[in-house]
Amino acid sequence: MTDPATPSAHPSSVVRVDLPGGRAVTHRDVAANGARFHIAEVGDGPLVMLVHGFPQFWWTWRHQLTALADAGFRAVAMDLRGVGGSDRTPRGYDPANLALDITGVIRSLGEPDAALVGHDLGGYLAWTAAVMRPKLVRRLVVSSMPHPRRWRSAMLTDARQTAASSYIWGFQRPWIPERQLVADDAALVGRLIRDWSGPKLPDDAAVETYRRAMSIPSTAHCSIEPYRWLVRSLARPDGIQFNRRMKRPVRVPTLHLHGSLDPVTRTRSAAGSGEYVEAPYRWRLFDGLGHFPHEEDPVGFSGELVNWLKDPEPDR
């Protein structure tokens, strides 16, 4: 599957890089749910699976991988279907199938379960995976994303959230969004990341990394496909069925993280997701951070994450 609008880039040179400070990370491919997925792995211990959002790839978790490994966890960040070093398949970008990709990777790693950490789209899929395959998710951490039913409700009834998500509505056009994403060496990716961040902007090197990753052929198209499904299925039987399925409560301890200045997902939209959790639920709002709290304040975010994962009684 090739998008003629996308400039060429060699995936391995962009995706298979070391962590900050030159710390070695193991890169490998695993088979799951009918496709091949690239993972970056460091550390030993209980598995923590990290899932990125848009417009990023596994590398967004570079700081957390190190922190988790130092804290005694086996930290694994995967590239979603169609992104980074993973397979770009012609179909399979609905949230149910993408969630099965994640749980399939957990199984392929030989682990009985994982603490699942997701940001943005990865957070949406983490919510979904915890509902669909509860035995494979021992704890859930979601950043910058409401529960799928809250997301749907906000998109349909909250004019301010609809406006904040204007990029998602723009993705519904054919091919134009793909061309816009990769134009001028994916300059739009850099603008989106900076516009969605709080005052602590990413450095130029980080932005360049994400621009190069989006320039890998077909990545732009595959990155947009999940959002097309989310909107186009709102009134379709498959979307209504998915929304009904998400009524099933999450029954594992859940940590919900959010930046107070997030311009993409309003705090009001994310808050209240705890109504779908029948287990210990902790809401943590990071003051002064935007849509990427794990990158904007990696020390604070990692500390919150590690302390909660190590807490035997997270409901206190």
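Reader: Where is Trp175 found?
Author: This is a predicted model: local features need pLDDT of at least 70, side-chain atom pairs need pLDDT 80 or more, and totals for chains, interfaces and linings use all residues. Numbering starts from 1 along each chain as its sequence is written, and side-chain values use heavy atoms, without hydrogens and water. Elements here are DSSP runs, numbered from the N terminus: helices (H or I, at least four residues) and strands (E, at least two). Trp175 is in the loop between α7 (166–170) and α8 (176–196).

Reader: What is the relative accessible area of Trp175?
Author: Trp175 is not a glycine, yet its phi is positive, near 65 degrees. Its side is judged by relative accessible area with a 1.4 Å probe on protein chains only: buried is under 20%, exposed over 50%, partly exposed in between. Trp175 counts as partly exposed, at 43%.

Reader: Is Ala186 buried or exposed?
Author: Ala186 sits in helix α8. Its phi is also positive, about 60 degrees, although Ala186 is not a glycine. Its relative accessible area is 0%, so Ala186 is buried.

Reader: Which residues of helix α2 are buried?
Author: Helix α2 covers residues 62–70. Just after α2, Gly72 takes a positive phi of about 95 degrees. The buried residues of α2 are Arg62, Gln64, Leu65, Thr66, Leu68 and Ala69.

Reader: What do the buried residues of α2 pack against?
Author: Contact here means heavy atoms within 4.5 Å. The partners include strands β2 (35–42), β3 (47–51) and β4 (74–78). The helices among them are α9 (204–214), α13 (293–296) and α14 (298–310).

Reader: Over which ring does the charged end of Arg62 sit?
Author: A charge sits over a ring if NZ of Lys or CZ of Arg is within 6 Å of the ring centre and within 35 degrees of the ring normal. Arg139 meets this with Trp308, 5.0 Å from the ring centre. The charged end of Arg62 lies 3.7 Å from the centre of its ring, that of Trp59.

Reader: Which residues lie nearest the centre of the largest pocket?
Author: On a 1 Å grid over the protein atoms alone, a pocket is an open set of points with protein on both sides within 12 Å along at least five of seven lines; a cavity is a set where a 1.4 Å probe fits but cannot get out; lining residues have an atom within 4 Å of a point. The largest pocket has 15 lining residues. Elements α2, α9 and α13 each give two or more residues to that lining. Nearest the centre are Arg62, Pro202, Asp203, Ala206 and Glu295.

Reader: What is the volume of the largest pocket?
Author: Its lining holds eight nonpolar, two polar and five charged residues. A volume is the space filled by probe spheres set on the grid points, which are joined across faces, edges and corners. For the largest pocket it is about 190 Å³.

Reader: Which element gives the largest share of the lining of the largest cavity?
Author: The whole structure holds four cavities of 30 Å³ or more, and about 100 Å³ of space lies in the largest. Its lining numbers 16 residues, with His52, Leu80, Val83, Leu121 and Ser223 nearest the centre. The largest share is four residues, from α10.

Reader: How many residues apart in sequence are the parts that Phe54 and Tyr227 tie together?
Author: Rings of Phe, Tyr and Trp (its six-membered ring) pair if their centres lie within 6.5 Å; planes under 30 degrees apart are stacked, over 60 edge-to-face, the rest tilted. The rule gives 17 aromatic pairs. Phe54 and Tyr227 form an edge-to-face pair, 5.7 Å centre to centre with 75 degrees between the planes. Phe54 lies in the loop between β3 and α2 and Tyr227 in helix α10 (residues 219–232), so the parts tied together are separated in sequence by 173 residues.

Reader: What is the omega of the cis peptide bond that joins Phe54 and Pro55?
Author: Pro55 lies in the loop between β3 and α2. Phe54 is buried, as is Tyr227. The cis bond between Phe54 and Pro55 has an omega of about 0 degrees.

Reader: How far apart in space are Trp229 and Pro95, C-alpha to C-alpha?
Author: Trp229 is in helix α10 and counts as buried at 15% relative accessibility. Beyond its neighbours within four places in sequence, its contacts include Tyr93, Asp94, Pro95 and Phe242. Trp229 and Pro95 are 134 residues apart in sequence, and their C-alpha to C-alpha distance is 8.3 Å.

How values were computed: Nonpolar A, V, L, I, M, F, W, Y, C, P; charged D, E, K, R; others polar.
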